[in-house]
Amino acid sequence: MAIQHAPVSARRQMRPRRKEVYHHQDDFDADQVAERARQQCIGIVQSHLDEFLLQHPEASFCQWIASLHPENAKDDVLDHRFLNDDNPWLLVWRDTAMATARRK
């Protein structure tokens with residue numbers, strides 16, 4: 001299954017967040033906790049991709065997603081949300097593909 005997509009800048013993990021105005025320290029703290037959790041999740045996704053590519057070096061993005069989230073890749077049809085330019089899985093894939101291409 002092949003996909004086409006627009007290029008994205010390297011290491012961009014998500015759409016830039018709007019600048020928050022915090023009226024309470026608790027809001028700021030909660031946002032910081034959420035950001036750390038999001039970064040940890042991206043790290044887990046990256047680890048899975050690294051391991052997957054060691055076992056399947058010629059695999060496609062769709063094949064990786066099918067192994068990670070089989071419920072989102074049925075009958076060779078990938079859930080369209082994975083193809084959004086700001087999708088974290090797609091961004092991790094692109095960054096890894098760019099890094100791999102530079103090493104070759």
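What does the accessible surface of the protein chain come to, and what share of it belongs to carbon and sulfur atoms?

**View 1. The whole protein chain, seen through its surface and its elements.** In this predicted model, the accessible surface of the protein chain comes to about 7,600 Å², and carbon and sulfur atoms account for 55% of that area. Of the 104 residues in the protein chain, 26% are buried. Tracing the protein chain, you will find 3 helices and 2 strands, in the order α-α-β-β-α from the N terminus on. Taking contacts between residues at least 6 apart in sequence, 62% join residues at least 24 apart.

**View 2. Helix H1 where it meets helix H2.** Two packed helices are described by the angle between their axes and the distance between the axes. Here the axes of H1 (residues 25-55) and H2 (residues 61-68) cross at roughly 115° and come within 11 Å. H1 is therefore roughly perpendicular to H2, and the crossing is right-handed. To find the contact, look for Val45, His48, Leu49 and Phe52 on H1, with Gln63, Trp64, Ser67 and Leu68 on the H2 side. Sorted by class, these residues give 5 nonpolar, 3 polar and no charged.

**View 3. Helix H1 again, this time against helix H3.** The axes of H1 and H3 (residues 88-103) lie 10 Å apart, and the two helices pack at an angle of about 50°. That leaves H1 and H3 oblique to each other, in a right-handed crossing. From H1, the contact takes in Ile42, Val45, Gln46, Leu49, Asp50 and Leu53, while H3 brings Trp89, Val92, Trp93 and Thr96. Together they make 7 nonpolar, 2 polar and 1 charged residues.

View 4. Most residues other than glycine have a negative phi. Asp75 sits in the loop between strand E1 (73-74) and strand E2 (77-78). Asp76 is found in the loop between E1 and E2 as well, and its phi is positive too, at about 60°. Are these residues buried or exposed? Asp75 is exposed, with a relative accessible area of 75%, and Asp76 also counts as exposed, at 64% relative accessibility.

Terms used. Residues are numbered from 1 along each chain as its sequence is written. This is a predicted model: local features need pLDDT of at least 70, side-chain atom pairs count only at pLDDT 80 or more; totals for chains, interfaces and linings use all residues. Side-chain values use heavy atoms; hydrogens and water are left out. Axes are lines fitted to C-alpha atoms, for helices over the stretch in contact, and angles run from 0 to 180 degrees between N-to-C directions. Helices (H or I, at least four residues) and strands (E, at least two) are DSSP runs, numbered from the N terminus. Angles under 35 degrees count as roughly parallel, over 145 as roughly antiparallel, 65 to 115 as roughly perpendicular and the rest as oblique. A crossing is left-handed if the near helix is turned anticlockwise from the far one by less than a right angle, and right-handed if clockwise. Contact means heavy atoms within 4.5 Å. Ala, Val, Leu, Ile, Met, Phe, Trp, Tyr, Cys and Pro count as nonpolar, Asp, Glu, Lys and Arg as charged, and the others, Gly among them, as polar. Buried means under 20% relative accessible area, exposed over 50%, partly exposed in between (1.4 Å probe, protein chains only). Accessible areas come from the Shrake-Rupley method with a 1.4 Å probe; for residues, only the protein chains shown count as cover.
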